[in-house]
Amino acid sequence: MKKGILFLADGFEATEAIATTDVLLRTHQIELQLVSIQPSKEVTASNGLVVKADCFLKDIKPEDYDFLILPGGKKGVENLSDNEIVLLLVKKYLRQGKGIYAICAAPSILGKLHLLNGRNYTCFPGFECEEGHYQEKEGVVIDENLITARSMAFSIPFGEAIAEKEVGKEALESAKPGMYGLRVD
């Protein structure tokens with residue numbers, strides 16, 4: 001069973017967090033922890049939706065996880081960028097070859113840390129970084145252990161790319177009938 005962390009900070013983009021989580025959990029091969037960086041487990045999305053995290057950042061053992069997910073949302077990304085522990089974990093995971101998955105404005109966190117140099121990525125227009133190879137026409141970009149997505153509209157393909165990377169195409173395909181309303185005969 002693969003284990004991942006999805007960080008929640010006030011101002012996160014709800015669809016990016018929830019749709020991605022849903023896709024990953026449907027594989028039944030990924031355990032995902034929704035981790036609050038706020039003083040409360042109840043974290044408020046950019047649209048006002050309140051989501052209850054599973055635990056706090058201080059409660060996790062980073063070495064127990066295989067990947068990190070950074071949802072977008074302008075204010076949420078600002079809050080993630082201001083958290084030194086989140087930034088240290090992003091650098092550590094990327095250096096160790098573990099998965100770093102960022103959507104919408106969140107790839108700008110990697111740019112802030114100078115981790116996009118020589119990497120292909122996409123993000124919400126206006127959050128591009130000077131380093132790296134911005135793929136403005138792509139919805140989802142995979143570059144080794146880095147997966148980025150442009151916006152909320154790409155939340156499901158983003159989740160699918162993460163699932164395939166972490167647990168393989170077969171696990172992803174087994175989740176698709178429930179996602180797409182397909183008959184299983």
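This is a predicted model: local features need pLDDT of at least 70, side-chain atom pairs count only at pLDDT 80 or more; totals for chains, interfaces and linings use all residues.
1. In total, S6 and strand S7 (residues 99-103) are linked by four bridges, in the parallel sense.

2. Strand S6 also pairs with strand S1 (residues 2-8), again in the parallel sense, here over three bridges. Within this pairing, Leu 68 of S6 is the bridge partner of Ile 5.

3. Strand S6 spans residues 67-70, and both of its faces are covered. Phe 67 and Ile 69 lie on one side, Leu 68 and Leu 70 on the other, and all four side positions are buried.

4. These strands belong to an open sheet of seven strands with mixed pairing, in the order S5-S2-S1-S6-S7-S11-S10. Strand S5 (55-56) and strand S10 (140-143) are the edge strands, each pairing on one side only.

5. Helix H1 (residues 14-26) packs on the sheet, where it touches S1, strand S2 (30-36), S6 and S7. The direction of H1 makes about 155 degrees with that of S2.

6. Helix H5 (residues 155-167) likewise packs on the sheet; its contacts are with S1, S2, S6, S7, S10 and strand S11 (146-149). The direction of H5 makes about 175 degrees with that of S7.

Conventions
Residues are numbered from 1 along each chain as its sequence is written. Side-chain values use heavy atoms; hydrogens and water are left out. Buried means under 20% relative accessible area, exposed over 50%, partly exposed in between (1.4 Å probe, protein chains only). Helices (H or I, at least four residues) and strands (E, at least two) are DSSP runs, numbered from the N terminus. Two strands pair if DSSP finds at least two bridges between them. Contact means heavy atoms within 4.5 Å. Axes are lines fitted to C-alpha atoms, for helices over the stretch in contact, and angles run from 0 to 180 degrees between N-to-C directions.
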